[in-house]
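I wrote down what I looked up in the order in which I looked.

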Amino acid sequence: MELNIGSLLRVVKLSAQIIIENGGETYRAEETIKFICKSFKVQDIESIATPTGFYITISVNGDDNNTLVKRIRKRTINLQKINDVNNISRRLSEHSVTLDEALEELEGISKRTDLKYKYSILYAGLSSAFFTVLFGGEVLEFFTALFTGIIVSAVSKRFEKLDSYYFFSSIFSGIIIACIAITITFFSKMGNYNHIIVGCIMPLLPGLAMTNAIRDTIRGDLISGIARATEALLVASSLAAGVGVIIYMAYTIGILL
Amino acid sequence: MTDIILDLIYCFAASLFFALIMNAPGKTLIHTSIAASVGYAIYMACSTQLNTTLGFFAGTTFVAMMGELSARKFKMPATTFIFPAVVPIVPGLGLYQTMLALVQNDISSALEIGASTILNIAAMAIAMAIVSVLALKMKSRNAN
């Protein structure tokens with residue numbers, strides 16, 4: 001069977017792209033590329049993946065090189081998609097699907113939106129609410145955090161198309177959380193705004209970026225490790241800055257003592 | 001005692017919904033949430049009885065180990081399991097308190113809390129690193 005280099009490259013590109021865009025480790029992207037190419041008896045495979053893009057060069061017969069560069073601009077987190085790509089690469093290597101079928105499936109995965117908007121904001125609210133009670137909140141704090149979590153998630157979804165998505169969404173999330181928490185506890189004269197703020201911050205903290213930074217660094221992918229660590233630092237510090245600005249203003253006005 | 005059980009239930013629910021936002025595959029949800037609650041219990045027990053940093057280390061080690069084991073069992077990436085389960089342990093409270101002390105112009109306690117928060121994050125990082133190195137060793141032995 002003649003190997004179609006064009007569709008092999010497209011399959012490899014799309015699978016690496018989906019893995020990096022949805023929060024997979026970069027070594028997973030590189031290994032998936034290698035895994036798929038090896039199963040088609042490609043002689044030379046070189047790939048470098050970073051969180052902001054990847055380069056692949058493959059040489060099927062050892063003479064001609066095919067190179068592909070892909071820049072990655074948007075990164076979200078979707079564990080289901082990473083898992084699906086994992087399954088497809090496994091099936092490809094067993095040759096239980098052809099390249100064209102795999103390409104079709106990958107395109108479907110890359111386009112699909114898994115979680116409905118209303119559910120995703122509801123889950124975000126519930127998660128914040130339960131973190132709030134875990135940190136010592138009561139009934140009022142629970143419902144405030146539920147409301148805040150929903151608003152924050154809805155607002156940060158609006159920022160998704162922006163280039164500096166991380167910075168804006170984190171700083172505005174911080175501002176919104178602190179505003180709502182302080183206003184409600186001030187006017188109701190009950191509850192503790194600290195619990196609400198901490199509970200709402202928890203789901204927004206860059207846990208995945210941190211986990212991946214460590215896992216990448218341990219593997220020797222130093223560039224990816226540093227890139228992820230920078231991302232984690234940026235998100236955490238802009239969240240803290242957003243909350244801090246509002247609390248500072250509340251102190252200045254005299255709402256908080 | 002009821003407080004502890006209630007905390008574990010809250011922790012379970014919080015990580016369950018967190019995993020749902022991150023769109024974790026359906027059959028992993030219960031596994032991750034249980035690992036998260038048990039990890040949180042270990043973290044609480046160690047940090048109240050022994051030492052806070054040790055608590056972060058022990059809790060993360062448990063979660064990461066459970067993640068690697070479940071990854072083998074389900075044949076799925078280990079991050080799918082580790083990431084939602086580790087979230088309750090991440091020192092968000094320390095980060096917030098550091099920021100609060102800075103805003104209140106209390107530099108010395110900001111430095112104190114900030115340093116211990118960084119230390120706790122480092123403890124989590126080391127725990128995760130150790131477990132993933134061990135997992136790599138296991139994998140390469142299986143491959144041979």
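**Entry 1: the strands of chain A**

I began with the strands, and I found that strand S1 (residues 44-50) of chain A and strand S2 (residues 53-59) of chain A pair in the antiparallel sense over seven bridges. I keep in mind throughout that this is a predicted model. A hairpin through two residues joins S1(A) to S2(A), and within this pairing I noted that A:Ala49 stands opposite A:Phe54 in S2(A).

I then followed the chain onward to S3(A), which runs antiparallel to S2(A) and is joined to it by six bridges. As an example of this pairing I picked A:Thr57, whose bridge partner in S3(A) is A:Thr67. The hairpin of S2(A) and S3(A) has six residues between the strands, and there A:Gly62 takes a positive phi near 95°.

How many of the six residues of strand S3 (residues 66-71) of chain A are buried? I counted zero, and I therefore wrote S3(A) down as hardly covered, with 20 or more other C-beta atoms within 10 Å being the cut-off for a buried residue.

**Entry 2: chain A as a whole**

Stepping back, I listed ten helices and three strands in chain A, and reading along the sequence I wrote the pattern as α-α-β-β-β-α-α-α-α-α-α-α-α. The C-alpha trace of chain A spans about 75 × 30 × 30 Å along its principal axes. Of its 257 residues, 47% count as buried. Among the contacts in chain A with a separation of 6 or more, 64% are between residues 24 or more positions apart.

I looked up the domain assignment next, which gives chain A a domain 1 (5-111) and a domain 2 (117-253). The centres of domain 1 and domain 2 of chain A, taken over C-alpha atoms, are separated by 33 Å. Where the domains meet, the contact takes eight residues from domain 1 of chain A and ten residues from domain 2 of chain A. Sorting the domain 1 side of that contact by class, I noted three nonpolar, four polar and one charged residues.

**Entry 3: where chain A meets chain B**

I turned to the two chains together, and I found 42 residues of chain A in contact with 36 residues of chain B. On the chain A side, the elements that give two or more residues are helix H3 (79-93), helix H5 (117-134), helix H8 (193-201), helix H9 (207-219) and helix H10 (222-253).

Which of these elements gives the largest share of the side of chain A that touches chain B? I wrote down H5(A), with nine residues. By class, the residues on this side of chain A divide into 27 nonpolar, eleven polar and four charged.

**Entry 4: the largest nonpolar core**

I looked for the largest nonpolar core and found 113 residues in it, of which A:Ile177 and A:Ile197 touch the most other members. Helix H1 (residues 2-21) of chain B gives the largest share of this core, ten residues. I also noted that the core lies between domain 1 (5-111) and domain 2 (117-253) of chain A, because both give residues to it.

What does A:Ile197 touch, leaving aside residues up to four places away in sequence? My list holds A:Ile177, A:Ala178, A:Ala181, A:Val243 and, from the other chain, B:Tyr96.

**Entry 5: two loop residues of chain B**

I ended with backbone angles, remembering that most residues other than glycine have a negative phi. B:Lys75, in the loop between helix H3 (52-74) and helix H4 (79-86) of chain B, has a positive phi near 55°. Is B:Lys75 buried or exposed? I marked B:Lys75 as exposed, because it has 10 C-beta neighbours inside 10 Å, and 12 or fewer is the cut-off.

B:Asn105, in the loop between helix H5 (92-103) and helix H6 (107-143) of chain B, has a positive phi near 65°. With 9 C-beta neighbours inside 10 Å, B:Asn105 also counts as exposed.

**Entry 6: confidence**

Last, I looked up the scores that come with the prediction. Chain B averages a pLDDT of 86, and 96% of its residues score at least 70. For the complex, the predictor gives an ipTM of 0.87 and a pTM of 0.85.

Methods:
Residues are numbered from 1 along each chain as its sequence is written. Chains are lettered from A and ligands numbered from 1 in the order in which they are written. This is a predicted model: local features need pLDDT of at least 70, side-chain atom pairs count only at pLDDT 80 or more; totals for chains, interfaces and linings use all residues. A nonpolar core is a set of buried Ala, Val, Leu, Ile, Met, Phe, Trp, Tyr and Cys residues joined through C-beta atoms within 7 Å. Helices (H or I, at least four residues) and strands (E, at least two) are DSSP runs, numbered from the N terminus. Domain bounds come from an automatic or database domain assignment. Two residues are in contact if their C-beta atoms, placed from the backbone, lie within 7 Å. Ala, Val, Leu, Ile, Met, Phe, Trp, Tyr, Cys and Pro count as nonpolar, Asp, Glu, Lys and Arg as charged, and the others, Gly among them, as polar. Two strands pair if DSSP finds at least two bridges between them. pLDDT is the predictor's confidence in each residue, from 0 to 100.
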